[in-house]
Amino acid sequence: MSEALVTETAASSSKGPVKKATKAGKPGFFARIALFLRQVIGELKKVVTPTRKELINYTAVVLVFVVIVMAIVTVLDLGFGQAVLWIFGGNVNVEQ
């Protein structure tokens, strides 16, 4: 099978010439802004606000998590501080 035959067959099976995108098909600047705002409003309508019980529960979970992370960071800070003092000899008194 020759290369010319393959190219011709592939070209003949296409749906026709490729059309270029025209400027008339593209929405204008203000139309795009209006579309964006409509999409934002549509997404905001999907938002479900939590009930009071759910909100209190979520708040409690976040506060407990923050306290746990603070405790871990405090322990690590004190541990690293003690390690630095032990390594570099923090109990040395320098007389002037």
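Is Val-47 buried or exposed? I looked it up: Val-47 is exposed, at 55% relative accessibility. The cut-offs I used are under 20% relative accessible area for buried, over 50% for exposed and partly exposed in between, with a 1.4 Å probe and protein chains only.

Basis. I am working from a predicted model, where local features need pLDDT of at least 70, side-chain atom pairs count only at pLDDT 80 or more, and totals for chains, interfaces and linings use all residues. Residues are numbered from 1 along each chain as its sequence is written, and side-chain values use heavy atoms, with hydrogens and water left out.

Fold. I read three helices and zero strands in the protein chain, in the order α-α-α. Helices (H or I, at least four residues) and strands (E, at least two) are DSSP runs numbered from the N terminus. I place Val-47 in the loop between α2 (29–45) and α3 (52–88).

Surface. I find that 0% of the 96 residues count as buried. The accessible surface of the chain is about 9900 Å², with 69% of it on carbon and sulfur atoms; areas are Shrake-Rupley values with a 1.4 Å probe, and for residues only the protein chains shown count as cover.

Patch. I list Phe-29, Phe-30, Ile-33, Phe-36, Leu-37, Val-40, Leu-44 and Val-47 as a nonpolar surface patch, together about 840 Å² of accessible area. Patch members have over 30% relative accessible area and no salt bridge; like charges are joined within 9 Å, nonpolar side chains (Val, Leu, Ile, Met, Phe, Trp, Tyr) within 5 Å.

Salt bridge. I searched the whole structure and found one: Glu-43 with Lys-46, 3.2 Å from N to O. The criterion is a side-chain nitrogen of Lys or Arg within 4 Å of a carboxyl oxygen of Asp or Glu. Glu-43 is partly exposed at 47%, and Lys-46 is exposed at 58%.
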